[in-house]
Amino acid sequence: MFLIGSHVGMSGKEMFLGSVKEALSYDANTFMVYTGAPQNTRRKDLSELKIPEAKALMKESGIEQFIVHAPYIINLGNAVNPSTYELAVSFLEKEITRSAGMGSRILVLHPGSHVGEGAQIGIKKIVEGLNQILSADTPVYIALETMAGKGSEIGSRFEELAEIYDKTVHSEKLRVCMDTCHMHDAGYDVTHDFDGILTAFDKLLGISQIAAVHLNDSKNPQGAHKDRHANLGDGCIGFEALSYVAHHPALETVPKILETPYLPSPEDPKKKVPPYKEEIQRLREKV
């Protein structure tokens, strides 16, 4: 089955039930959600999220899986500020529990930033944190996201992700989330050689480790290390290449998630509206 969806919100009285309804309004059959605001640690108790109602609607509508994204404030790679690192470890543990409680098996995580200390020190801290958190009984997979390489981000090269895998004791609890904009901005040729990208990834980590794909165009040329998402076909990767990624047979069972920018409303240019229903339709029709 072709699994396609987008990031959806979770707020108001309906909470997670509203997330599922939003995904269905885009004709999606999967989706990605945060368990709370990605910029802070404030979280509602799971009992307030209307999880049973959301799961019932998912079952009724044929949505079998969804993805949770960890908040941006988690930085396991910080070797400079102990309190920032300790917050990252403790909060990631909570997000694992929340993700499992909501019914997801995949928690997407930005690996971290070394904040000027160098990639090797950053990787060492990330591994240290993962080894504190992960065990044989961890109920979800941590999907390390491929990054654009802006600033001191770790994870813009597959070799860095492979090193994290190699040094993590319970690496069987790790997976990877490929982001097309990030890979393009990191220097990988998503437009002309996605098969080559998969071959390189397979040699280092194995295709089976890809648990999700963030499907985004990029506002910047290949190798720019900028990380500015564009709508499908409106950026430097191009719709044809992104459709090729979305429909690649090696990724058939992998959820594809759109994180493309909202667009001005045709009725009110001052208002921004999600593009996801139209982009999902285009991908299904491959036009």
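I take contact to mean heavy atoms within 4.5 Å, and I take helices (H or I, at least four residues) and strands (E, at least two) as DSSP runs, numbered from the N terminus.

**Ground rules.** I am reading a predicted model, in which local features need pLDDT of at least 70 and side-chain atom pairs count only at pLDDT 80 or more, while totals for chains, interfaces and linings use all residues. Residues are numbered from 1 along each chain as its sequence is written, and side-chain values use heavy atoms, with hydrogens and water left out.

**Helix α8.** I looked up residues 239-246 and found that six of the eight residues of α8 are buried, where buried means under 20% relative accessible area, exposed over 50%, and partly exposed in between (1.4 Å probe, protein chains only). The buried ones are Phe239, Ala241, Leu242, Ser243, Val245 and Ala246. Their cover includes the helices α6 (180-186), α7 (194-204) and α9 (276-285), and it also includes the strands β9 (210-215), β10 (217-218) and β12 (256-258).

Serine 156 sits in the loop between β7 (153-154) and α5 (158-167), and I count serine 156 as buried because its relative accessibility is 11%. Leaving aside residues up to four places away in sequence, serine 156 touches Met147, Ala148, Gly149, Ala186 and Tyr188.

**Alanine 148.** Beyond residues up to four places away in sequence, alanine 148 touches Glu153, Ser156, His182, Asp185, Ala186, His225 and Asp227.

**Nonpolar cores.** I use the term nonpolar core for a set of buried Ala, Val, Leu, Ile, Met, Phe, Trp, Tyr and Cys residues joined through side-chain atoms within 4.5 Å. The largest one has 77 residues, and Phe16, Phe31 and Met178 have the most contacts inside it. Helix α3 (residues 82-102) gives the most to this core, with seven residues. Another core, of 10 residues, lies apart from it and has Met32, Ala143, Ala211 and Ile257 among its members.

**Cysteines.** Which pairs of cysteines form a disulfide, given that the term asks for a pair of cysteine sulfur atoms within 2.5 Å? I found zero disulfides in the structure. The sulfur of cysteine 177 is 12 Å from the closest cysteine sulfur, in cysteine 181, which is too far for a bond. Cysteine 236 is also in no disulfide, since the nearest cysteine sulfur, that of cysteine 181, is 9.5 Å away. Cysteine 177 counts as buried at 0% relative accessibility, whereas cysteine 236 counts as partly exposed at 39%.

Conventions
A disulfide is a pair of cysteine sulfur atoms within 2.5 Å.
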